[in-house]
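Here is a set of questions and answers on one protein model. Please look at the sequence and the structure before reading on.

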Amino acid sequence: DLIKIAPTWEGIPLEMIERIEVLKGPASALYGSDGVGGVVQVFTRKGRDGFHPYASLAAGSREYWRGAVGVQAGSGPLNWSLSLQREGERGINSTRPEVRPTSNYNPDVDPFRQDTFSGSAGYDLGNGWSVDGSLLHSDGVTHFDEGGLNIDRANAIRALVAQAGAKGRLLPGWQTELRLSQSRDTANALVARPANFSAFSTEQTQWSWLNTVETAAGALLLGLEDREQRVSSSQVFPVRSRSIRSAFAGLNGQSGAHSWQGNLRRDANTQFGDADTWFAGYGFRLTDAWRLHASRGTSFAAPSFNQLYFPGFGNPDLDAETSTSLEAGLAGRHGWGHWAVNAYRTDIDNLIANVRVDGNLSAAGVDEARIRGLELVVGSQLLGWQWNANYSLLDAQNRSRRTGSGGIAYYGKDLNRRPSQLFNLDLDRAFGAFSVGASLHAQDSAYDDLENQTELAGFATLDLRGEYRLSPEWRLQTRVANLLDADYQTAEGFNQPGQAVYLTVRYQAL
């Protein structure tokens, strides 16, 4: 089942995920708001023929523990799945005293625990028609430091994602799908300063009608969507609901060495008006091994209710973020492996960013921004090792004519928290029943603020992993995260986990 509406990431345990797909580039013409730089699609486990139970038990550093059980099953026209997971960790001290001595620092550890349930069912009605439904629910408690020495905050965090739909073939070459989805996230303070006790809930209900029609020019996509977004809170929000009604069309096809994609979409937002987005892409296979592609498109993102109104953070003057992107690349697949080179540029108006004012973060709009990048990807096998690497160069520049704190001009400054260089390397090899692997991540320095006054140092982390297959069903796995115990920050004043070791016993029926 595809989770088509956005849940909180921490509410989706990895044990319940079947696969993750990443769509890079402007995607608002397909998915609407927020698809500025791409879309991450999460597919949870679903039923399959037979009876396939699975379970895992894990323990690790900082008193980490996790237990999960589930089953994927199916018989005849019916398939279903169920999964339960409980996990927790003692945690780390989330803030640094030398950076936040009076604002957020609290010399304690910040634990976390979460219980999660997921289930799905599908039924084949025959004649090409089927119905399905799924549910994902998580309930947890998270601790963090807030505003003042020795003040700890604990929030009860709950998330729910549910959906149901039907799909089938109306006519030869015409596939249709109707789906209803709902997501709800709540955060209720359990422990906090008296002035900061709050209850907060956001909810989105969405229905969609999607049609795919096969034509001589390719697959024609036609659809309608309706989304209702609501917020309820103990805080005062001037606007508590909005509606987005959307219509979209697309064409995706290929002929010989040529392939093409085009999309158009209109989103009518009751709070921010109409947004029209489009995408056009073309690919040409130069040889059996070489392929050239280019695309151009637009995207937009409407500010969330938190970014607009949350006390101490929100900015009611924010406007919708809009962008235009251009990308071109060349890729190859050969007997020795694969490679790709991609270059892109994105120009953004009203970029929604975080700024620090008097030590506190708040939402702000950057009038103009320009992001240029180059990405290199290569993968192969060498001496029995499977390896994949990617290297990115990024020039993310603020083009706003305004000035920030202290009268510092924004124009020409780097956009905050965007390193100019990134490198990733994965190595894996199997030795009979044993397999080992390593992942290296390195990134250049970046600025934490739009004024470029606070620099976050570059860093590198190295992770190791290993597995022993006791039998086709049983596996023993281990992982060492941040082997070299790198001390780094991705946001000023907040710690990242140090070295940690994890051991997992896993069972998966074939």
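The questions below concern a predicted model and take up strand pairing, aromatic rings and a surface patch.

Q: How many bridges join strand E5 to strand E6, and in which sense do they run?
A: Strand E5 covers residues 78-89 and strand E6 covers residues 112-126. One of the contacts places Arg 86 against its bridge partner in E6, Asp 115.

Q: Which residue in the hairpin of E6 and E7 takes a positive phi?
A: E6 pairs with strand E7 (residues 129-145) in the antiparallel sense over 14 bridges, and Thr 116 stands opposite Ser 138 in E7. The hairpin has 2 residues between the strands. The positive phi, near 55 degrees, belongs to Asn 127.

Q: Is the pair of Phe 237 and Tyr 309 stacked or edge-to-face?
A: A search of the whole structure finds 7 aromatic pairs. In the pair of Phe 237 and Tyr 309 the ring centres are 6.0 Å apart and the planes stand at 65 degrees. Planes over 60 degrees apart count as edge-to-face, so this pair is edge-to-face.

Q: How many residues apart in sequence are the parts that Phe 237 and Tyr 309 tie together?
A: Phe 237, at 3% relative accessibility, is buried, and Tyr 309, at 13%, is buried as well. Phe 237 lies in the loop between strand E11 (218-233) and strand E12 (241-255), while Tyr 309 lies in helix H2 (residues 305-309). The pair therefore ties together parts whose separation in sequence is 72 residues.

Q: Which strands hold Trp 385 and Phe 431?
A: These two residues form an edge-to-face pair, 6.4 Å centre to centre with 75 degrees between the planes. Trp 385 is partly exposed at 29% relative accessibility, and Phe 431 is partly exposed at 42%. The pair ties together parts 46 residues apart in sequence, because Trp 385 lies in strand E19 and Phe 431 in strand E20.

Q: Which elements give two or more residues to the nonpolar patch?
A: The patch lies on the surface, and its members include Phe 431, Tyr 468 and Trp 474. Together the residues of the patch have about 780 Å² of accessible area. Elements that give two or more residues are strand E21 (434-443), strand E25 (474-481) and strand E26 (500-508).

Q: Over which ring does the charged end of Arg 45 sit?
A: The charged end of Arg 401 sits over the ring of Tyr 411, 4.1 Å from its centre. For Arg 45, the charged end is 3.8 Å from the centre of the ring, and that ring belongs to Tyr 54.

Methods. Residues numbered from 1 in each chain as written. Predicted model: local features only at pLDDT ≥ 70, side-chain atom pairs only at ≥ 80, totals over all residues. Heavy atoms only, no water. Patch = residues over 30% accessible without salt bridge, like charges linked within 9 Å, V, L, I, M, F, W, Y side chains within 5 Å. Areas by Shrake-Rupley, 256 points an atom, 1.4 Å probe, with all protein chains shown as cover. Salt bridge = Lys/Arg side-chain N within 4 Å of Asp/Glu carboxyl O. Helix = DSSP H or I, 4+ residues; strand = E, 2+ residues; numbered from the N terminus. Pairing = 2+ DSSP bridges. Phe/Tyr/Trp six-rings, centres within 6.5 Å; stacked < 30°, edge-to-face > 60°. Buried < 20%, exposed > 50% of the residue type's maximum accessible area, 1.4 Å probe, protein only. Lys NZ or Arg CZ within 6 Å of the ring centre and 35° of its normal.
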